[in-house]
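Please look over the sequence and the model shown here before reading on. The report then takes up a few of its features in turn.

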Amino acid sequence: MYLPASLAHNISESGTCFAIALRTKDTKLRAVALSAGISALFGITEPALYGVTLQHKRALISVITGGVIGGAYVGIAGLSGFTIVGPGLASLPMFVDKSNPANLIHALIGFGISFVVSFVIGLIIWKNDEEISSASDTGEATTTVVAEDLMAPVAGKILSLADVPDDVFSQGLIGQGIAVEPSEGSLIAPTDGTIEMVYETKHALGMRTDNGAELLFHIGLDTVQLNGKYFESHVQVGQHVQAGELLETFDVAKIKAAGYNPITMMVVTNQDSYTVAVDESNETLDNQSVMNIAKLGV
């Protein structure tokens, strides 16, 4: 069931991203959506999820619509997959069935339906924000800065995102923040806030701080392939947490032994609303402030 459903989702992410790349007037979002759309087309959806879908409600609607319709088709057709990899254009041979030649045909049709539906819906419902903020016609705007310090989410060596060997993070496509080479496998809340997303494979978690910043924690590179192995979540969506509270645990040694880089990122995803100042210095300490975020409001 997972592989056919994942095919519909992955290709819907791609179609939506390409539609947004065509419609948006934001040059940065266009670049993110275009690169994320290409990645999703080949079965890698994290850039699309974190860089586009979860940040824009209309993109989420488009992805869900394409996924539901494409998923309904492959479900009714009884599509079967035979290799545990991310379904995409390059991995379509995973649907080859010697005993049922029509299986690959159904995969191609599901692929097309998911892409076309999400692409068309994305084109139709996407709207550009004409104004982010405006001053009064008769007076000057007053700018207020709301700032908060964030402590290190894991113990280890603090790095710049530019040092992360992954373009999505190193180029700031998702947002600005820090990376940590973890010395131990405990992810803690850097400030008070509410859990908004726990990825099913437990390698990623989203949190909104009490001051409104949207934080994404991503443990490791390509660790989605572990399907939750070596990870344990200690929180649920909607749960309010305090600074220093344990969010997740993970086995650094076993993740490395499995061939994955356990580097952990903390980024602010609603980056248009915040400035981010990072302390990129050596080893983290308990309760140490490593990042300051400031929201500018009018």
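Predicted model: local features only at pLDDT ≥ 70, side-chain atom pairs only at ≥ 80, totals over all residues.

## Two packed helices

Two packed helices are described by the angle between their axes and the distance between the axes. For α1 and helix α4 (residues 57–77), the angle is about 145 degrees and the axes are 8 Å apart. The crossing of these two helices, α1 and α4, is right-handed.

On the α1 side, the residues that meet α4 are P4, A8, H9, S12, E13, T16 and I20. Their partners in α4 are A59, S62, V63, G66, G67, G70, G71 and V74. Sorted by class, the contact of α1 with α4 has 8 polar, 6 nonpolar and 1 charged residues.

## The start of the chain

M1 lies in the segment before α1. Is M1 buried or exposed? Its relative accessible area is 93%, and a residue counts as exposed over 50%, so M1 is exposed. The C-alpha atoms of M1 and L79 are separated by 8.4 Å, although the two are 78 residues apart along the chain.

## The second largest pocket

Rolling a probe the size of a water molecule over the atoms shows where empty space is left. In this model, the second largest pocket has a volume of about 820 Å³. It is lined by 36 residues, of which G43, T45, E46, V224 and Q225 are the closest to its centre.

Which helix gives the most to the lining of the second largest pocket? That helix is α1, with 6 residues. At least two residues of the lining are supplied by each of α1 (2–23), α2 (27–41), α3 (46–51) and α6 (167–170). By class, the lining of this pocket has 19 nonpolar, 12 polar and 5 charged residues.

## A buried loop residue

T269 is found in the loop between β11 (264–268) and β12 (274–278). Its relative accessible area is 10%, and buried means under 20%, so T269 is buried. Leaving aside neighbours within four places in sequence, T269 is in contact with Q55, I174, E214 and L216.

## Two residues with positive phi

Most residues other than glycine have a negative phi, and most peptide bonds are trans. K202 is not a glycine, yet K202 has a positive phi of about 65 degrees. K202 lies in the loop between β5 (193–198) and β6 (204–209), and is partly exposed, with a relative accessible area of 31%.

N227 also has a positive phi, of about 55 degrees, and is not a glycine. N227 is in the loop between β7 (214–219) and β8 (231–233).

Conventions:
Residues numbered from 1 in each chain as written. Heavy atoms only, no water. Helix = DSSP H or I, 4+ residues; strand = E, 2+ residues; numbered from the N terminus. Buried < 20%, exposed > 50% of the residue type's maximum accessible area, 1.4 Å probe, protein only. Contact = heavy atoms within 4.5 Å. 1 Å grid on protein atoms, 1.4 Å probe; cavity = no way out; pocket = protein on both sides within 12 Å on 5 of 7 lines; lining within 4 Å. Points joined across faces, edges and corners; volume = space filled by probe spheres on them. Nonpolar A, V, L, I, M, F, W, Y, C, P; charged D, E, K, R; others polar. Axes fitted to C-alpha atoms, helices over the stretch in contact; angles between N-to-C directions. Left-handed = near helix turned anticlockwise from the far one by under 90°.
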